[in-house]
Amino acid sequence: MNTVPRPDLSPSPRWEFPPSDCFTLSNGLDVTLFHLPGQYVASVGLLIDAPLSGEPREIEGVATVVASALIEGTRSHPGPSFAEAIEDQGAVLGGAVDFSATQVLLDVPTRHLDAALPLLAQAVAEPTLTDDAIARHAAQLTAGLEQQLATGPGRAAHALRAALIDPTARESRSRTGSPTSIAGLQGHDARAYHTATYGPRGARLIVSGDLADGIAARIQNAFEGWTNPAQTLIAPQTPRPATPRAIIIDRPEAVQADVRMGWFTLDRADPRWAALQLATHALGGAYLSQLNRVLREEKGFTYGIHLVNAPMRRGGLSYTQAAFRTEVVGEALALTRSILQGGEFSTHEIDRARDYLTGTTPLRYATAAGVTSGVLSQAAAGLPADFVPRQLDDYTRVTPEAASKVAEELLLPQAATLVVVGDAQALLTPLHEAGFDAEVRASDAN
């Protein structure tokens, strides 16, 4: 039988983060352009330097309401005419808020980018934020938050954040506020917040796509007139960890318990970040990770358990998340603690984690939207422009010993905070036997 000779395979070329062009407008707005040939949907992101610590406590959630209401009209395009102008360009515009900053995102075909840029500038510089629009978006936010808190996973996620972070920090509370704080929000509050926070100082504009010549001049024309003398810059907080504890949020007769076990850990600027990433992936970030292999595959206690890193601008959270049948929660927690105390990672485990993280990074930045959102996330965390390639290099240097050390330092089972949403009467004794003396709270408690 004749066979075709096997071709020689060359090593895969090293992936490189796309190059950028940077400049600053006279009003202080920093601009970064990523020219991505073949990406015919441009992604534009504007980062507003307004951490949520600047929200008045009594109306927390105002930043989210303002960001969501930007599409509701501007002085140049009042009412529905603004949304119609956006749609006429085949564009999508929306705002999003995290603890470090506000992001306003615009996706538009590159052939319509010139017409869409002034509309984005209008949205942030001159939104009308009418009383009716603010009331409508506040009601929608309240309904969504109440729905989230009515679920076991949603309640557990909110309670874990509150339990892990010192309550004086804004990061200990939901970024969308509470139903009580949102209920007190008025249109004048939203307009005052916009005036105090939306401005070009400290802001950054990212434009990614197959960009035509002259894009810098068109950005200048659209944004250089944006000024706000009333803008106040707020320094980000440095949250502190709270004292570890165990909490049961009572749901009488629930047959399933939603479980979160977490730690206050570190952010992406910490030199141990790469080692923590590989350690948590090996423990609970993949289908065949240690936690999932034992608790799902061998024991059948859960559909899946995950160990997640959630970095903030300063500090971060690492936590497991899973749902278990009520009768196995105690044994599941005992096994989780045993696995976390299990000792060193093998070379195979760390190599597999490294291959996954280095292999998926290029996929996350394969589109214009991926580049823009990734760079905005880095900017909000105060990370340098070369963070992504530097992180990939850091992954290659992590040894099993380094990953084991950071897990031992940061993911101590005896220092974990535990939140369980389930039937307290059925859970108190099993949790005690697993090493957790839990306080019980009613399901409607904050």
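Biologist: Which strands does helix α11 lie across, and at what angle does it run to β8?

Modeller: First the idea: helices (H or I, at least four residues) and strands (E, at least two) are DSSP runs, numbered from the N terminus. Axes are lines fitted to C-alpha atoms, for helices over the stretch in contact, and angles between N-to-C directions run from 0 to 180 degrees. Contact itself means heavy atoms within 4.5 Å. Here, α11 (residues 329-340) lies across β8 (256-264), β10 (316-325) and β11, and runs at about 25° to β8.

Modeller: A word on the ground rules. The model is predicted, so local features need pLDDT of at least 70 and side-chain atom pairs count only at pLDDT 80 or more, while totals for chains, interfaces and linings use all residues. Residues are numbered from 1 along each chain as its sequence is written, and side-chain values use heavy atoms, leaving out hydrogens and water.

Biologist: What is the strand order in the sheet with β8, β10 and β11?

Modeller: Two strands pair if DSSP finds at least two bridges between them. The order is β9-β10-β8-β11-β7-β12, an open sheet of 6 strands with mixed pairing. Because β9 (306-311) and β12 (439-441) each have a single partner strand, they stand at the edges, and one side of each has no neighbour in the sheet. On average, neighbouring strands are turned by 20° against each other, direction ignored.

Biologist: How many bridges join β7 to β11?

Modeller: There are 5 bridges between β7 (residues 246-250) and β11 (residues 417-422), and the two strands run parallel.

Biologist: How many residues lie between β1 and β2 in their hairpin?

Modeller: There are 5, and G28 in the turn has a positive phi of about 100°. The two strands run antiparallel, joined by 4 bridges, one of which pairs T24 with D30.

Biologist: Now helices. Which residues of α4 are buried?

Modeller: Buried means under 20% relative accessible area, exposed over 50%, and partly exposed in between, using a 1.4 Å probe and protein chains only. An α-helix has 3.6 residues a turn, so residues three or four places apart point the same way. In α4, the buried residues are A133, I134, H137, A138, L141, T142, L145 and L149. Seen down the axis, they fall within an arc of 160°, so they line one face of α4; the arc is taken from the directions from the helix axis to the C-beta atoms. The face turned away carries the exposed residues D132 and Q147. Among the elements covering the buried residues are α1 (62-69), α5 (152-164), α6 (179-183) and α7 (187-197).

Biologist: What span should α4 have?

Modeller: The expected span is 1.5 Å times one less than the number of residues. For the 19 residues of α4 (residues 131-149) that gives 27 Å, which agrees with end C-alpha atoms 27 Å apart.

Biologist: How many residues does the largest nonpolar core have?

Modeller: In soluble globular proteins, nonpolar side chains tend to be buried together. A nonpolar core is a set of buried Ala, Val, Leu, Ile, Met, Phe, Trp, Tyr and Cys residues joined through side-chain atoms within 4.5 Å. The largest has 67 residues, and F324, L333, L418 and L431 have the most contacts inside it. Helix α9 (residues 273-284) gives the most to this core, with 8 residues. Apart from it lies another core of 56 residues, including I86, L93, I215 and I219.

Biologist: Is L164 buried or exposed?

Modeller: L164, in helix α5, counts as buried because its relative accessibility is 4%. L164 and A242 are 78 residues apart in sequence, yet 5.3 Å apart in space, C-alpha to C-alpha. Not counting residues up to four places away in sequence, L164 touches several residues, among them A242, W263, F264 and L317.
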